[in-house]
Amino acid sequence: MTMRRKLIAGNWKMNGLKADGLALAQGLADKLKGGPAPACDLLVCPPFTLIAPVAAIAAGSALAVGGQDCHAKTSGAHTGDTSPVMLADLGCAYAIVGHSERRTDHAETDAVVKAKGTAAQAAGLIAIVCIGETLAQRDAGQTIEVNRSQLQGSLPDGATPDNTVIAYEPVWAIGTGRVATPAQAQEVHAAIRAELASKLGGEAASRMRILYGGSMKPDNARELLALPDVDGGLIGGASLKVADFWAIAESC
Ligand code: PEP
């Protein structure tokens, strides 16, 4: 069986002024210095305003830093946007693309997400490509079909296990406190891996990490992270507290 090292990724979203954000990053860096590191990769994705100081705190530690989004171009007339090259320049190793909040708030289509992921990879970043069904789609029995189709449309052409992570985030579970059951999560993760196998081949599919996201908390993380096709978590609310994020990482 292929060993995939789990990834625990915090998505801070649009939260944190300097004092809170830096205290959070420092708290995690102190934990990493102070004792045995959890058996997983650790990543935080702060709001753009905090990436540089968080990267300075994380430098030299096992804490990686990522962007929550990036533009598909390297530079140019795109007011307010941030290019993946700029993220890399600040010390980022990852960029989340296609988070459901971006798909909803900014009308991002699969094609846009694919272009962003491709650009992130070209800048040397690992793209975390997010997909997931809405409650209406789940209730209509379309869960597997929707996730397959989003994966087909959003996966960058040059995706490899080294430059791509998939995040399955059922929209109805994000920020709602309603978490997927282990059976629901495993069913979709297995279907995503099968789809990856048909697109990239079995070897690549068996090495590519697939994260679960949606109300993952210290009290449900262990069960989800123990599932055969769940290779980590993308964590929103619980990533804003050192103790909660650390407890999830320790569940790996
Ligand atoms: C997320 O932002 O990707 C997320 C999963 O949020 P939460 O953990 O708060 O549901």
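Predicted model: local features only at pLDDT ≥ 70, side-chain atom pairs only at ≥ 80, totals over all residues.
Modeller: Local features here need pLDDT of at least 70, side-chain atom pairs count only at pLDDT 80 or more, and totals for chains, interfaces and linings use all residues. Residues are numbered from 1 along each chain as its sequence is written, and side-chain values use heavy atoms, with hydrogens and water left out.

Colleague: Why are α1 and α11 called oblique to each other?

Modeller: Helix α1 (residues 18-34) and helix α11 (residues 242-250) pack at about 40 degrees, their axes 10 Å apart. Angles under 35 degrees count as roughly parallel, over 145 as roughly antiparallel, 65 to 115 as roughly perpendicular and the rest as oblique. α1 and α11 are therefore oblique.

Colleague: Which residues of α1 and α11 meet?

Modeller: Contact means heavy atoms within 4.5 Å. Leu 24, Gly 27, Leu 28, Lys 31 and Leu 32 of α1 meet Val 242, Phe 245 and Trp 246 of α11.

Colleague: What makes strand β1 mostly covered?

Modeller: Buried means under 20% relative accessible area (1.4 Å probe, protein chains only). In β1 (residues 7-11), 5 of its 5 residues are buried. Leu 7, Ala 9 and Asn 11 point one way, Ile 8 and Gly 10 the other way.

Colleague: How do you know that β1 and β2 pair?

Modeller: Two strands pair if DSSP finds at least two bridges between them. β1 and strand β2 (residues 41-45) have 5 bridges, in the parallel sense. Within this pairing, Ile 8 has Leu 42 in β2 as its bridge partner.

Technical notes. Axes fitted to C-alpha atoms, helices over the stretch in contact; angles between N-to-C directions. Helix = DSSP H or I, 4+ residues; strand = E, 2+ residues; numbered from the N terminus. Buried < 20%, exposed > 50% of the residue type's maximum accessible area, 1.4 Å probe, protein only.
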